[in-house]
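Subject: Structure handover

Hello,

Here is the structure for you to look through. Please open it first, then read my notes below.

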Amino acid sequence: MRRRHTTPVREPSAQEPAEPLVPAPAGPADLEREAGLARLFELHYSSMLRLAVLLGADDPENVVAEAYYQIYRKWRRLRDVEAAEAYLRSTVCNLTRMRIRHLQVARKHVETPPEETVASAESAALLRDDQRVLIDALQQLPPRQREALVLRHWLGLKESEIAAAMGISCGSVKTHTARGTTALTQAMEARR
């Protein structure tokens, strides 16, 4: 019977630094991706979080985290790094839409009525009291109208940018925006 030679595993001492859990970037492309993503996070995290909140995500922090993860995975395939913000915005819209759709299906199959969702501390801090009436009225709109209005009036995007983010034509953007504005105006006047 042969004995295998095993090397004992040493625990790092207090004087030795532990190895980092995240591997170091391998080359210049990885360093560029890390730096680009860090800049994107610093510049746009709070606005993407607000976008997810305004679109009705029940877990906006997770939606935005998933969007950043997706752009991290696809960073090398981005044709234009300057378009990363638009890609991120579009991803947040799509993920929020998918999450809302998933919850609607899940709620149809639940026997007990769902508990009222409680907004996270970050979500609540983002919305001031004088905005709550407007946000409530906005939440009552159909998802596509709400999305078009948020992208147009909150982010100030052009019709072509909204169309790209929502994956629809410019004519549909005009329709959703007009119908959403009319419905929102009626809802706000009814509450006065």
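Which element gives the largest share of the lining of the largest cavity? That is α3, with four residues. A cavity here is a set of points on a 1 Å grid over the protein atoms alone, where a 1.4 Å probe fits but cannot get out; lining residues have an atom within 4 Å of a point.

Before the rest, some ground rules. This is a predicted model, where local features need pLDDT of at least 70 and side-chain atom pairs count only at pLDDT 80 or more, while totals for chains, interfaces and linings use all residues. Residues are numbered from 1 along each chain as its sequence is written, and side-chain values use heavy atoms, with hydrogens and water left out.

**Cavity**

The structure has one cavity of 30 Å³ or more. The volume of the largest cavity is about 40 Å³. Volume means the space filled by probe spheres set on the points, which are joined across faces, edges and corners. Its lining includes Leu-55, Cys-93, Thr-96 and Pro-143. Both α3 and α6 give two or more residues to this lining.

**Fold**

The protein has eight helices and zero strands. Both are DSSP runs numbered from the N terminus: helices are H or I with at least four residues, strands are E with at least two. Take contacts (heavy atoms within 4.5 Å) between residues at least 6 apart in sequence. Of these, 68% join residues at least 24 apart.

**Core**

Buried residues make up 31% of the 192 residues. Buried means under 20% relative accessible area, exposed over 50%, and partly exposed in between, with a 1.4 Å probe and protein chains only. The largest nonpolar core has 36 residues. Such a core is a set of buried Ala, Val, Leu, Ile, Met, Phe, Trp, Tyr and Cys residues joined through side-chain atoms within 4.5 Å. Leu-40, Leu-51, Ile-71 and Leu-151 have the most contacts inside this core. Its largest share, seven residues, comes from α1. Beyond its neighbours within four places in sequence, Leu-40 is in contact with residues including Tyr-68, Ile-71, Trp-75 and Leu-88.

**Cysteines**

Is Cys-93 buried or exposed? Cys-93 counts as buried because its relative accessibility is 1%. Cys-170 has a relative accessible area of 32%, so Cys-170 is partly exposed.

Best wishes

Definitions and conventions:
On a 1 Å grid over the protein atoms alone, a cavity is a set of points where a 1.4 Å probe fits but cannot get out, and a pocket is an open set with protein on both sides within 12 Å along at least five of seven lines; lining residues have an atom within 4 Å of a point.
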